[in-house]
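Subject: Structure handover

Hello,

Here is the structure we spoke about. Some notes on it follow below.

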Amino acid sequence: MNLLWLVPVLPLAGFVLNGALALAWPKAKPLVTAIGVGSVAAAFVVAVLVVRALAAAHLGAPVVFTYWDWIPVGTLHVPAALQLDQLSAVMLLVVTGVGSLIHVFSVGYMGDDPGYARYFAYLNLFVFFMLTLVLGASFPVMFVGWEGVGLCSYLLIGFWFNERINADAGKKAFIVNRIGDVGFLIAMLLIFQHIGALGFGEVFAKAPTALSGSAATAIALFLFLGCTGKSAQIPLYTWLPDAMQGPTPVSALIHAATMVTAGVYLVARCGVLFAMSPVASAAVAGVGALTALFSATIALKQWDIKRVLAYSTVSQLGYMFLGVGTGATAAGIFHLATHAFFKALLFLGSGSVIYAMHHAYHATHSHDDAQDMRNMGGLRHHLPWTWVLMWIATLAIAGVPPLSGFFSKDEILGAAFARGALVPGWYVFWGMGLAAALLTAFYMTRLMLYTFHGSNRTGDAARAHLHEAPWVMTGPLVALGVLSAVGGIMNLPDLVRGGERLAHWLEPVTRASAALWPEAPVGAATEWTLIAIAVVVALTGIVGALRLLRPEALVPAKVAPPETGLGKLLWKKWYIDEIYDTLIVRPVMWVSRVVLWKVVDEKIVDGAGVNGTAAVSRALGWLGSRLQTGELGFYVVLFVVGVVLVLRAVVR
Amino acid sequence: MTLDLSLTRDLLTALLPELMLTGWALVLLVVVAWRHRTGGDLRVAGGIALAAFATTAAVVWWLWWNSAAAQGYAPMIAVDDFRFISDWLFLGTGALTVLLSMRYLEREALLAPEYYVLLLFSVLGMMLMGGGSDLMVVFLGLELMSVSVYVLAGINRKSPKAAEAALKYFLLGAFASAFLLYGIALVYGATGTTNLALIGAQVTSLHLEHGTLLLIGLALLLVGFAFKVAAVPFHMWAPDVYDGAPTPVTGFMATAVKAAAFAALFRVLGQAFATTVAWHQIVSALAVATMVGGNLVALAQRSLKRMLAYSSIAHAGYVLVAVAAGNASGSAAFLFYLVAYTLTTLAAFALLAVKGRGGESDVLIDDLSGLATERPWLAFALAVCMLSLLGFPGTAGFMGKWYILVAAAQSAQWWLAALLVLTSVVSAGYYLPVIMVMYMRPAPSAAAHADVRLGRLAGAAVTLAVVGLLFFGIRPNRLLDLSAAGAESLRTPTAAAVAPPGN
């Protein structure tokens, strides 16, 4: 376990070396690959060793490694410390494991890019910050990771910054996240104000006695504001779909599998604080359920394959929040892990599709959109591996047993239903989750149908160039496919004698918060019924999509007719971006430009303040220099005046 | 090492640095009487001066290392850390001035090796000022220093401007000395002694804190020192004299002469007038006038040399804030600040000296346009100097200002602290344009800076100064410890230990 520091340090070293290479010798691609992939893979190996040691130790409390005193100010001491416990162990394995696979995939996907070394440098830096986030033993250390992943996300969304739209998407992500980060900061300050400490152990131990109900609610809600930014929940989700402008492996790693789940991790980590505040928990669960349903509706009508997946991610994150907000921390983390598998697979699969489409269009010098599903169709003949693997992921996310997503999603919905017996509002959340599950099955089937089935719409010339990606890309897909299929065994329910292993594993972490939640038991019969309902809903969605949608009727994007009615409303994403633009962005911009810039800054600060005082100073200086006549007599007169003044001061 | 200054042997030990420098100065005087015709003679004289400064500094070090301290009855000369540290400052400044002058004198055809003799004597005077614990010794040192510097200012006899500067300086200096001497006389009249420690003891025992005679004497003393440090309104001589004097001499005057006057002022106020509160108000007022006046008028200057002259007035204002703080951290800040300021100002004048061709030609700030592309290292050094004068973080100037601010805050002189910061902001208005024209303006012609070259020695001196600035800006601890020790020694209540004279 003492090797824990190596886990974040390895990717950091990778960043430093690759960063140096990116500046000095960007052509050295084999070396960049070795460093970039090697450092993360090595981190994964170390992580496995460390977690095995943790498992063998059977500890009830987290292991904290303190390295140096980072912020010693008065009574506040924040050490640079890492914390290993069962929760961070899960995150550790997901981040380094899925991260390694995506790094391998990137070798193929980014192979031709001139910014290869820069790309891997950023990616390694991201892994470092993500590990800091999940391993940090206090709020400030976690915040460093929290901000760091935001920075890397910004850098990677705008990776191809020559195009304005990409740079704008990066900026949007960064700015929207700032709003959430302010929430995190305020929460941190409130914690310090009320508890006087910032280390996780101390805060959670003292919280039940030191915090009043309202203080806990305020802290939890501000923390959750941070989560809505980082994890793309209502109302701050709008940056995530735009973030798809980045390279696809980045979308898989940062905007699906790891960074966006940081909010879920934070709520799980602070389970005690949320459990103390029914209001905050209800807000978390409610926002989660609403986001799950709302963004699922948008996903129904998107044509860009990555945007469908982006809204799907937002929706699935909503599930996770529903889980952790219900007190089912293990279920939320379980879904986080399985989602990392199948959503990474879906993104990488879409990356493989885009890679094929892009190369086909490139070979034929066509300028059609390589990501628009209306330009695809029938790709199963050209990309058989991708096709099969993406179907596995689709069935998993739709919740078809016995794939991984079924178990995790079912557990969240079951927990929400059970909570409904105590607080009826949770029945509503459960219903929203169920409706979202139906839509999920539908839009994912739609995506598969339009992409891989029916006849091909890519164009006759380009079609000949469509082919499967190299093995360096397909290999990680296969690995993720296996994980997506069997990931459910991590936490099989007791109902099928699975033993709920993940839940038991996490028990040392969740015990404190679980004690604060009232028991909400459900009978076996109810559970079986819920499972049946969930399966029926998933199958309805899939079959419905297969019945209702006609891929043959689609035409390529260039000649497609405009959307109308409800379809247009969904395609336009409920006009949320436009509403934000009108209500917030434009007024703020107007105030900054017209009031703050033109009046406050130019007229008052620059005009009166800076230039005004400068002019006055200069005038006085000029006057003063007029006194410098060069006449000795005059100097003596001034001297004597000075003497008189000095004497005046002592003789009264 | 405890010295009983009533014994001749111990007294001579305590005076060893001064005796050593005197000996060297006499030797040099004899040497230059015989050899004063060629550039080679100049170099020999400069070498001897350097050796003099080095050996004297070593002797001071020896005394410091053995923790020399005086014992017994109130002596004429102090033996404490404050004296040693200020001695090092004067000797170091003198040595750097020698390095900067070597090439300058030859270039300007000033074949007058007496220059170095005068330099040695003026440093001797400074050492007596910093170490004298009797008003007579202080005055003696001050006159020795001043007379030497009067001559140094006018050493370039071919330049009417330099002659005018020297004469002005002499006349006004004599005028100011008269005030100082009169002040000493009045203090003697009030207390019956000129010994600093005894004055302090008399003031307490005779309850003279509000005695008119003593206060008038004190006020006149302050006037005399204020003239030497060029505090507003006693500063009128400074811009003219600084402008007219040869540039290395200007640098010397702006640093060492000021430092000596401040050192003496600190000792006099700290040991003789610690219980007399009247001077706090006067010094505060002088500080305000000096900071405001120096900075505002500097804004209006276009000539680099005059700008630096006013800048040195402004800096005297900052140091006066440390004096007005009147506490131990003020004295520590004062020593630290003087080191930082001396290094910066000397380097700046050295750089100005190489740019100013043909004797007294005025270098305008605009003449530095494009220096950064032609002479990147020179421009960098000058930029560091400007930033340090401005008090930019990362330079010694910042740390110095910071310590003065701390001292002012500790003694609750909020207005002085605020004014110090505000006037520092104003000073950005004349320091930064220097950097701006060097880095952001093209050179007016390709050959504009062709003949701007530092000699090897001057280059070494400037490098030393700039490295020191950056070093002390980042690691000020050691120097600050030293300054604090010096300040501490000044505040030891020797006054209580000595018996009042039997009158």
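A230(B) sits in the loop between helix 9 and helix 10 of chain B, where helices (H or I, at least four residues) and strands (E, at least two) are DSSP runs numbered from the N terminus. Phi of A230(B) is near 60 degrees, a positive value in a residue other than glycine. A230(B) counts as buried, at 0% relative accessibility; buried means under 20% relative accessible area, exposed over 50% and partly exposed in between, with a 1.4 Å probe and protein chains only.

This is a predicted model, in which local features need pLDDT of at least 70, side-chain atom pairs count only at pLDDT 80 or more, and totals for chains, interfaces and linings use all residues. Residues are numbered from 1 along each chain as its sequence is written, chains are lettered from A and ligands numbered from 1 in the order in which they are written, and side-chain values use heavy atoms, with hydrogens and water left out.

The loop that holds A230(B) also contains P233(B). A cis peptide bond joins V232(B) to P233(B), with omega about 5 degrees. In chain A, the bond from I234(A) to P235(A) is cis as well, with omega near 10 degrees, and P235(A) lies in the loop between helix 8 (213-230) and helix 9 (239-242). Most residues other than glycine have a negative phi, and most peptide bonds are trans.

N177(A) belongs to helix 6 (residues 164-195) of chain A and is buried, with a relative accessible area of 4%. Neighbours within four places in sequence aside, N177(A) is in contact (heavy atoms within 4.5 Å) with G229(A), K230(A) and W239(A). The C-alpha atoms of N177(A) and L225(A) are separated by 9.8 Å, although the two are 48 residues apart along the chain.

Regards
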